Amino acid sequence: MGELSGIKQPHMDWNDTDLPTAFKTFKQYHQLIFNGPLNKKEEKEKATYILLWIGEEGLKVFNSFELSDEDRAKADTIFDKFT
C-alpha cells in the first residue's frame, strides 16, 4: 500500500447530519485517489478499497443491495447503488 503513503484514507461519516453531501465528498475523494495513486489498480481492487473504507455501517448497507458478483466488483456500480 506504498502508493498511498502520505495520503489520508477516505472515511464515510455515517453520523453526519447531511448524509448525501458526506457521501458525495467521500466519493469525490475516492475518485481522486483512483485517478491518481491507484489508477493502475484493477476494477475489483478499487471496489475492495471502497468497501474497506466505507465502514461497518456502509458494509451493512452494501450487503442489503441485490448485486451480481460482477457488479459487486465494479466501483461505479457500488457508488451508484449508494447514491
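Trainee: How many aromatic pairs does the structure hold?

Mentor: The structure holds 7 aromatic pairs. Rings of Phe, Tyr and Trp (its six-membered ring) pair if their centres lie within 6.5 Å; planes under 30 degrees apart count as stacked, over 60 as edge-to-face and the rest as tilted. Please note that this is a predicted model, in which local features need pLDDT of at least 70 and side-chain atom pairs count only at pLDDT 80 or more, while totals for chains, interfaces and linings use all residues. Residues are numbered from 1 along each chain as its sequence is written, and side-chain values use heavy atoms, with hydrogens and water left out.

Trainee: What kind of pair do Phe23 and Phe79 make?

Mentor: The pair is edge-to-face, because the ring centres of Phe23 and Phe79 are 6.0 Å apart and the planes stand at 65°. Phe23 belongs to helix H1 (residues 19-35) and Phe79 to helix H5 (residues 75-82), so that the pair links distant parts of the chain, 56 residues apart. Helices (H or I, at least four residues) and strands (E, at least two) are DSSP runs, numbered from the N terminus.

Trainee: Buried or exposed, those two, Phe23 and Phe79?

Mentor: Both Phe23 and Phe79 are buried. Buried means under 20% relative accessible area, exposed over 50%, and partly exposed in between (1.4 Å probe, protein chains only).

Trainee: And which residues form the aromatic cluster?

Mentor: One aromatic cluster is formed by Trp14, Phe23, Phe26, Phe62, Phe65, Phe79 and Phe82.

Trainee: What about Tyr49 and Trp53, how are their planes set?

Mentor: Tyr49 and Trp53 form a tilted aromatic pair, with 5.0 Å from centre to centre and 40° between the planes. They are separated by about one helical turn, because they are 4 residues apart in helix H2 (residues 43-53). Tyr49 counts as buried at 10% relative accessibility, and Trp53 counts as buried at 8%.

Trainee: Changing topic: how many salt bridges are there?

Mentor: There are 2 salt bridges in the structure, each defined by a side-chain nitrogen of Lys or Arg within 4 Å of a carboxyl oxygen of Asp or Glu. Lys74 forms one with Glu70, where the closest N and O atoms are 3.2 Å apart. Lys74 also forms one with Asp71, where the closest N and O atoms are 3.6 Å apart. Through shared partners, the salt bridges join Glu70, Asp71 and Lys74 into one network.

Trainee: How accessible are Lys74, Glu70 and Asp71?

Mentor: Lys74 is partly exposed, with a relative accessible area of 30%. Glu70 is exposed at 55%, and Asp71 counts as partly exposed at 24%.

Trainee: Which residues form the negative surface patch?

Mentor: The negative surface patch is formed by Glu42, Glu43, Glu45, Asp76 and Asp80. Such patches are made of residues with over 30% relative accessible area and no salt bridge, like charges being joined within 9 Å and nonpolar side chains (Val, Leu, Ile, Met, Phe, Trp, Tyr) within 5 Å. H2 and H5 are the elements that give two or more residues to the negative patch. Asp76 has its place in helix H5 and counts as exposed at 53% relative accessibility.

Trainee: Last one: where does Glu66 lie?

Mentor: Glu66 lies in the loop between helix H3 (55-64) and helix H4 (69-72). At 77% relative accessibility, Glu66 counts as exposed.

Conventions: Accessible areas come from the Shrake-Rupley method with a 1.4 Å probe; for residues, only the protein chains shown count as cover. Lys and Arg count as positive and Asp and Glu as negative; His and the chain ends are not counted. The place of a charge is taken as NZ of Lys, CZ of Arg, CG of Asp or CD of Glu.
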